[in-house]
Amino acid sequence: MGRFQRISFLVLSGLLVAACGSQPDLGGRDVTVAVENAYVPFNYVRRDNGKAEGWDYDALAEICKRVNCKPAFKEREWDGMILAVSKGEFDVAADGITITDERKKTVDYSDGYLTVEQRVMSRLDEKGFDSVEALKTKADAKVGTQKETTNYDEAVKLVGAGRVVGFDTFGDTVQALINGNIAAAIIDDTAGQGYIGINRDKIRLLPGKLVTQELGFIFPKASKLVEPFNTALKAMRGDGTLETLRKKWFPEGKAVIGDDQVR
């Protein structure tokens, strides 16, 4: 290879490396992000200092760091959140949203960032059942979960609509369980561990899973943010950042927050 060829090869190689390692640049724009601030440990507000935190806050900060944007978090109740995103009221929603074909009809999804299992939660002192199968046969046992979620759909499949009680938030659901208003709750294992961290002396997750699903961010249809977010997520998966966030916010058998820390 001649000198000119070697120089050309080196220049071309450098360009290829730069291209492969580059990230999209959103020009520092604000990205409005819908969150409940009521879904431990994805998003919540600390009681002791009023600070909002959780997996969503850390993940969006990291994504925007990589693609040059600024996350502007907006508190929004779960009821109507997907519709609000579909209408363009928010750029993205980050609230532990399950990827489903039905929802894909109205919003676009990012690639999945976390796989979760739906589980049954009960009180620690529950004597009427100790397994999912036993709960199914206990006809007088009411099962609660958040309305308009895949957890609600799974609860209906498990025990029938007549035994399911819907709540506005998972926090309300867990409190109803602790208070004895319902016998069990259907919740994702990741969020379930978060609520156990807050109420470790009152509730537990029963053995076994109901269904495994994947979570993703949602965007208005044809959003130009989907590709940059996916590029960032791919890089975060490849360099271990997503795994680091998982270990921080969903540590097995360990509470990430205490019962005096959530609003």
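This is a predicted model: local features need pLDDT of at least 70, side-chain atom pairs count only at pLDDT 80 or more; totals for chains, interfaces and linings use all residues.

**Strand β8 and its partners**

β8 and β11 (residues 184-188) run antiparallel and are joined by five bridges.

Next I looked up what else β8 pairs with. Strand β12 (residues 203-205) is joined to β8 by three bridges, again antiparallel. There, arginine 123 faces isoleucine 203. β13 is also antiparallel to β8, with five bridges between them. Threonine 115 has glutamate 214 of β13 as its bridge partner.

Is β8 mostly covered or mostly open? I find it mostly covered, with eight of its ten residues buried.

**Glutamine 213**

I stayed in strand β13, where glutamine 213 lies. I checked its accessibility: the relative accessible area is 16%, and it is under 20%, so glutamine 213 counts as buried.

Which residues does glutamine 213 touch, once neighbours within four places in sequence are left aside? My list reads Thr98, Leu114, Thr115, Val116, Gln118 and Thr150. For valine 116 I also took the C-alpha to C-alpha distance to glutamine 213, which is 5.5 Å across a sequence gap of 97 residues.

**Aromatic pairs**

A search of the whole structure gave me eleven aromatic pairs. I opened up two of them.

The first entry is tyrosine 44 with tryptophan 249: the ring centres are 6.4 Å apart and the planes stand at 75 degrees, so I log the pair as edge-to-face. It ties together distant parts of the chain, since tyrosine 44 sits in strand β3 (residues 43-45) and tryptophan 249 in helix α9 (residues 241-249), 205 residues apart. Both tyrosine 44 and tryptophan 249 are buried.

I then asked which rings group together. One aromatic cluster is formed by Tyr39, Phe42, Trp55, Tyr113, Phe170, Phe217, Phe219, Phe229 and Phe250.

I find an open sheet of three strands in the order β2-β3-β4, with antiparallel pairing. β2 (38-39) and β4 (52-53) are the edge strands, each with a single partner, so one side of each has no neighbour in the sheet. Two bridges pair β3 with β4, and valine 45 has alanine 52 of β4 as its bridge partner.

Between β2 and β3 there is a loop that holds proline 41. I looked at the peptide bond joining valine 40 and proline 41 and found it cis, with omega about -5 degrees.

**Helices α8 and α9**

How do the axes of α8 and α9 cross? They come within 5 Å, and the crossing angle is roughly 75 degrees. That puts α8 and α9 roughly perpendicular to each other. On the α8 side I noted Leu233, Met236 and Arg237, and on the α9 side Thr241, Leu242 and Leu245. Sorted by class, the contact has four nonpolar residues, one polar and one charged.

**Positive phi**

Most residues other than glycine have a negative phi. Glutamate 148 has phi near 60 degrees and lies in the loop between β9 (143-146) and α5 (150-159). Alanine 222 has phi of about 65 degrees and is in the loop between β14 and α8. Are these residues buried or exposed? Glutamate 148 is exposed at 54% relative accessible area, and alanine 222 is exposed at 69%.

**Totals**

Last, I jotted down the whole-protein numbers. The secondary structure comes to nine helices and 14 strands, and 48% of the 263 residues are buried. Among contacts with a separation of 6 or more, 74% are between residues 24 or more positions apart.

Methods:
Residues are numbered from 1 along each chain as its sequence is written. Side-chain values use heavy atoms; hydrogens and water are left out. Rings of Phe, Tyr and Trp (its six-membered ring) pair if their centres lie within 6.5 Å; planes under 30 degrees apart count as stacked, over 60 as edge-to-face and the rest as tilted. Helices (H or I, at least four residues) and strands (E, at least two) are DSSP runs, numbered from the N terminus. Buried means under 20% relative accessible area, exposed over 50%, partly exposed in between (1.4 Å probe, protein chains only). Axes are lines fitted to C-alpha atoms, for helices over the stretch in contact, and angles run from 0 to 180 degrees between N-to-C directions. Angles under 35 degrees count as roughly parallel, over 145 as roughly antiparallel, 65 to 115 as roughly perpendicular and the rest as oblique. Contact means heavy atoms within 4.5 Å. Ala, Val, Leu, Ile, Met, Phe, Trp, Tyr, Cys and Pro count as nonpolar, Asp, Glu, Lys and Arg as charged, and the others, Gly among them, as polar. Two strands pair if DSSP finds at least two bridges between them.
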